[in-house]
Amino acid sequence: MRRINILKAREAKTKRFLLYSFTQSEEYLSSMQLLERLRERSSRKEIRKLAKKHQLPTDEEKILFAKKIIKIMLDETRDGK
């Protein structure tokens, strides 16, 4: 036999209903926001600035390579591959 607990209305905890949390998990939405933020920061200028900050080579060829790799990784992550 299962035991059933009967609660009064004031004893029940409620949460505000958010439509997006019903259709998609918040974790998914936050990861998509992270991907979009990374995509915004994957410009050559941002990569070059980051490379200088960490004392890495800033050759144009290496910057373009890094940009292409980042774009491929973001696309694959977004597509679920």
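Partly exposed is the class between buried (under 20% relative accessible area) and exposed (over 50%), with a 1.4 Å probe and protein chains only. A salt bridge here requires a side-chain nitrogen of Lys or Arg within 4 Å of a carboxyl oxygen of Asp or Glu. K62 is likewise partly exposed, at 46% relative accessible area.

## Model and confidence

The model is predicted; local features need pLDDT of at least 70 and side-chain atom pairs pLDDT 80 or more, while totals for chains, interfaces and linings use all residues. Residues are numbered from 1 along each chain as its sequence is written, and side-chain values use heavy atoms, with hydrogens and water left out.

The mean pLDDT of the chain is 78, and 79% of the residues reach at least 70. pLDDT is the predictor's confidence in each residue, on a scale from 0 to 100.

## Fold and surface

The chain contains four helices and zero strands, in the order α-α-α-α from the N terminus. Helices (H or I, at least four residues) and strands (E, at least two) are DSSP runs, numbered from the N terminus.

Of the 81 residues of the chain, 10% count as buried. The accessible surface of the chain is about 8100 Å², with 55% of it belonging to carbon and sulfur atoms. Accessible areas are from the Shrake-Rupley method with a 1.4 Å probe, and for residues only the protein chains shown count as cover.

## Other salt bridges

The search of the whole structure finds five salt bridges. In one of them, E60 pairs with R48, and the closest N and O atoms are 2.5 Å apart. E60 belongs to helix α4 (residues 60-79) and R48 to helix α3 (residues 44-53), so this pair ties together parts that are 12 residues apart in sequence. Both partners are partly exposed: E60 at 35% relative accessibility and R48 at 25%.

K71 and D75 form another salt bridge, at 3.1 Å from N to O. Both residues lie in helix α4, four residues apart, which is about one turn of the helix. K71 is partly exposed at 46% relative accessibility, whereas D75 counts as buried at 19%. Elsewhere, salt bridges with shared partners join R44, R48 and E60 into one network.

## Largest pocket

The largest pocket holds about 260 Å³ of space. Of its 13 lining residues, the closest to the centre are L38, R41, I47, L50 and I70. The elements giving two or more residues to this lining are α2 (26-40), α3 and α4. Helix α3 gives the most, with four residues. By type, the lining residues divide into eight nonpolar, two polar and three charged.

A pocket is an open set of points on a 1 Å grid over the protein atoms alone, where a 1.4 Å probe fits and protein lies on both sides within 12 Å along at least five of seven lines; lining residues have an atom within 4 Å of a point. Grid points are joined across faces, edges and corners, and the volume is the space filled by probe spheres set on the points. Ala, Val, Leu, Ile, Met, Phe, Trp, Tyr, Cys and Pro count as nonpolar, Asp, Glu, Lys and Arg as charged, and the others, Gly among them, as polar.
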